[in-house]
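Dear colleague,

I am handing over the structure we spoke of, together with some notes on what I found in it. Please look it over when you have time.

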Amino acid sequence: MALDGMVIACMAKEMKERITGGRITKIAQPETDALMLTIKNQKDTFKLFLSAGASLPLVYFTEEAKQNPMTAPGFCMLLRKHIGGGRIVSVSQPGLERILVLEIEHLNEMGDLCKKKLIGEFMGKHSNLIFCDGTDTIIDSIKHIPLSVSSVREVLPGRPYFIPDTMQKKDPLSVTEEDFFAVLSQKPMALSKALYTGFTGLSPVMAEEICSLASLDGRAGAAGLSDLEKAHLAGTFRRMMEDVKAGNFTPCIFYDKQIPVEFSALPLSHLGACERRDFSSVSEILETYYAAREAVVRIRQKSSELRHTVQTALERNRKKYDLQAKQLKDTEKRDKFRIYGELINTYGYDLPPKSKSLTALNYYTNETVTIPLDDTLTPQENAKKYFDRYGKLKRTFEALTDLTRETREEIDYLESVSSSLDIAQEEADLVQIKEELREAGFIKKRGPKDKKAKITSVPLHFLSSDGYHLYVGKNNLQNEDLTFRLASGNDLWFHAKGIPGSHVIAKTEGRNKEELPDRLFEEAAGLAAYYSKGKGGDKVEIDYVEKKQVKKVNGAKPGFVIYHTNYSMVAAPSLSGLRRLEG
């Protein structure tokens, strides 16, 4: 989700509280389109990061030190000249625009007190950082926008600064009820879209939240609302805007299966299926959200080569399996040819010469069958011909049965590796998966002089609500280590039934399963469901058994086991009640 007007309002409040009255002690430009301001306010020092990146505009306080270029860019040097040592007089947000204005007081070369404005516009590809004088004339900007790029507004030195009104949106903080109704009546579209296209600073997610709070379907047409529904919607809208004006914010991030999917300055009740985590500041939210998203994207990017290798092998084996299955189906008529041969030998002794068929009783089924014959062959030669066809199909069946089983095992193995790539959380996990694929022959082995990669990845470790230790293998090698090295005989082993997934070991400390709390089984099963291909579903069937019942098949791929006397339960993918431990 991009920054909306409410997140900017929350950020403006945070900036007012922290840096109003503070002095700018350092200005850096760590990226082409980003600034880092160091501001000292009484005893506290703050680092404010402002980015006008087209794909990821951001503004937040941070403790992280960013690498600066050896030579400061021209825009950075200009700011140092004008506002280095300047005092921040005020921080403001025009309406609910995605704009922040820092008014800065400083002394010019003559010693006279002057005011300048540093304006951050956080509007996707139109984002910019603009430096103006006290009369709103642009001195310079981090991005120059000439008339050839934008016919709406030039952003160049000497041009007047103004906020373009290209969408004719209303200010939600000051709109009257009459204007509110007028906006909706003029929007022949879905209700939520009418809200975020009609009012400044509203994102699609926040528009959906307003509809949800008003108990209305955001997908329904805006023009079809009754007077009562309009009044209820207007009241909900007004109350939300009053919270924004009063600064009643609750910065939070919403997680789906531990992956951050949304952040907001206000609670989002319509995302009730997601886990909500509240934060003390919007800066903390932005750093946490984008760091987590960046980590997920980075691992996805780094695993792309391995995913391509696995996917290519999967597609090849699936095609091979389909072909083998079709050929295997063709061998199903082999017994028919054997029976034809037997019936010809039994009943064909009195056939007239040049007969083209034989009608006889099939003594296996007591049905009459008509057997085609080659009229150029004797009955004995026809029987031999059918026996030969039977023998060929039988040999094909026996060979294909083994080949199809091997191909199916290969597909199951590759799907398990694909699941491991989904679980991977850090580069060390990818190193181990790559080694596994190399040992399995899917990646070319190194030369004799190359050393084997150092494996530092370890299984996931959790503590249950009742204090039992739970371990989760992140790949097949870890699954095997957990099951056959870490686990003891009475420990419990959990795995998603019939689909790729992690082995989960619950250490029972020597207790029999009858002595263990039910909650341990529920949490371990939820963990096995969470780290499986069934993670996206509501429920997953989980097999569990004492570890001593789990056996490894000779010659099987790592992590592949068999068991016979197991129990089953249905669990929702969940980490609820569990505490993640390191190591």
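This is a predicted model: local features need pLDDT of at least 70, side-chain atom pairs count only at pLDDT 80 or more; totals for chains, interfaces and linings use all residues.

Since Glu121 belongs to strand 7 (residues 113-121) and Arg153 to the loop between strand 9 (138-141) and helix 3, the pair ties together parts that are 32 residues apart in sequence. Glu121 is buried, at 1% relative accessibility, and Arg153 is buried as well, with a relative accessible area of 11%.

Within helix 10 (residues 379-423), Asp388 and Lys384 lie 4 residues apart, about one turn of the helix, and their side chains meet in a salt bridge of 3.1 Å, N to O; Asp388 is partly exposed, at a relative accessible area of 41%. In helix 11 (residues 427-439), Glu435 and Arg438 are 3 residues apart, their side chains form a salt bridge of 2.8 Å, N to O, and both residues are buried.

As for the helix pair, the axes of helix 3 (residues 177-185) and helix 4 (residues 191-198) come within 9 Å and cross at roughly 120°, and the two helices are therefore oblique to each other. The contact involves Phe180, Val183 and Leu184 of helix 3, with Leu191, Ala194, Leu195 and Gly198 on the side of helix 4, which divide into 6 nonpolar, 1 polar and no charged residues.

Finally, Thr38 sits in strand 2 (residues 34-41) and is buried, with a relative accessible area of 11%.

How values were computed. Residues are numbered from 1 along each chain as its sequence is written. Side-chain values use heavy atoms; hydrogens and water are left out. Axes are lines fitted to C-alpha atoms, for helices over the stretch in contact, and angles run from 0 to 180 degrees between N-to-C directions. Angles under 35 degrees count as roughly parallel, over 145 as roughly antiparallel, 65 to 115 as roughly perpendicular and the rest as oblique. Contact means heavy atoms within 4.5 Å. Ala, Val, Leu, Ile, Met, Phe, Trp, Tyr, Cys and Pro count as nonpolar, Asp, Glu, Lys and Arg as charged, and the others, Gly among them, as polar. Buried means under 20% relative accessible area, exposed over 50%, partly exposed in between (1.4 Å probe, protein chains only). A salt bridge is a side-chain nitrogen of Lys or Arg within 4 Å of a carboxyl oxygen of Asp or Glu.
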